[in-house]
Amino acid sequence: MGEPVKVVSDIVFEDLLANPYPVFKRVRDLGPVVKVEAANIMMVTRFDDVMNIERDPETFSSVNPGSLLNTVIGPNLMRKDGDDHARERAALDPSLRPGVVKRCWADPMRAIADEVIAQIEHKGEAEFFEELAAPIAARALGEILGFEGVDWQTMVFWSQSLIDGSGNYSHDPEIARKAKEAAREVEALVDRMLPRHRENPNPSMLSSMLQADPPQSVEQIYANIKVALGGGLNEPRDSILTMILGLLQNPDQLERVRADPSLWAPAFEEAVRWISPIGMYPRRLTRDAEISGTLVKAGEQVGLCVGAANHDDRRFADPEKFDVFREKKSHLAFGAGSHFCAGTWVSRALVSQIVVPMVFERLRNLRLKDPELVRVRGWVFRGPTYMPVVWDV
């Protein structure tokens, strides 16, 4: 039988939130699976191990009826495998395909970005989390979901409350209360919107789910809209900020990217490798299994740390560096296997084709107000949380 799982007990949880990469490196060098007591999870941090696990969903299952995600959101496609997952994924995929993104969503997303930038461009300074990335990501997502009559601030509240509730391992009652409130409000909005989408089929996710075969129950629609509200807002918001940050910190690379528009796409892929917006997700073992020689028992849960795998120095040279021109290799920022992120094409279009090029075109001589003021936080979800910038008016 394989080696037992090693345990690390001297890591402080705040270290993971502030900067998880030194912790990830230590864990990665220690073994293929290491229990980090501060996070209360067995971490898998090596690129090849994460890929191998994602290729074996029968052993490493997404199904976990007792998971907080199911408790907060309801039984959803993220915690299903096989045919159950495939049916629910097929219900929302039509609204997110590359051709649909190009035909149906690119123009509305461009209009949203144009409007948000127009509101700030005369000012010469802004805090980009609150004044650029959050409103653009929230409004774009509302459009794609098929929501009407909800402002972007409410979308942000719902998204964050559901995410916090799904990660509420300390059972904080206030976090649980907010998550429940958000879930109720989202369901009420879906109830109001469904008749309109039933009568007028369209490319939105709500409409797509109503047209699915086999039909989706209203509980399935509730749950998967709530899933989309979580990752579908945070991921593009954080990657907008991360890509801008990486380019501002590396002006020589920015200059080359601006001179050659074909480089916006690789700059985006490097940004989400460098700081992966979704850094960890769990898998539960259906049987005893070895992960690169370490034995993990049936029923245990492992955390696939894709943020760590994207910094695996066995695969990526100088992984801490933002380098648009590094050797092209696939990353895991959007996951892998059947659970590969459904919103990948939306993110690529919104961030690398629309928002970030428009920001650098419209805000002349954009720069960080003070590099010391920039804050980047999180490990399960990670991104800039405070980013003041200035430009020439």
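Reply: The questions and answers below set values against definitions. This is a predicted model, in which local features need pLDDT of at least 70, side-chain atom pairs count only at pLDDT 80 or more, and totals for chains, interfaces and linings use all residues. Residues are numbered from 1 along each chain as its sequence is written, and side-chain values use heavy atoms, with hydrogens and water left out.

Me: How do you know how many disulfides there are?
Reply: A disulfide is a pair of cysteine sulfur atoms within 2.5 Å. By this rule the count is zero. For Cys305, the nearest cysteine sulfur is that of Cys341, 18 Å away, and therefore Cys305 is in no disulfide. Cys341 is likewise in no disulfide, its nearest cysteine sulfur being that of Cys305 at 18 Å.

Me: What makes Cys305 buried or exposed?
Reply: Buried means under 20% relative accessible area, exposed over 50%, and partly exposed in between (1.4 Å probe, protein chains only). Cys305 has a relative accessible area of 0%, so Cys305 is buried.

Me: What makes Ser208 buried, and which residues does Ser208 contact?
Reply: Ser208 has a relative accessible area of 8%, and is therefore buried. Ser208 belongs to helix α10 (residues 205–210); helices (H or I, at least four residues) and strands (E, at least two) are DSSP runs, numbered from the N terminus. Contact means heavy atoms within 4.5 Å. Neighbours within four places in sequence aside, Ser208 is in contact with Ala91, Leu92, Pro94, Ser95 and Asn202.

Me: What makes a set of residues a nonpolar core?
Reply: Such a core is a set of buried Ala, Val, Leu, Ile, Met, Phe, Trp, Tyr and Cys residues joined through side-chain atoms within 4.5 Å. The largest one here has 110 residues, and Phe128 and Ile244 have the most contacts inside it. Helix α11 (residues 218–248) gives the most to this core, with 15 residues. Beyond four places in sequence, the residues in contact with Ile244 include Phe128, Leu132 and Met387.

Me: Why are β6 and β9 said to pair?
Reply: Two strands pair if DSSP finds at least two bridges between them. Strand β6 (residues 281–285) and strand β9 (residues 301–304) have four bridges, so they pair, in the antiparallel sense.
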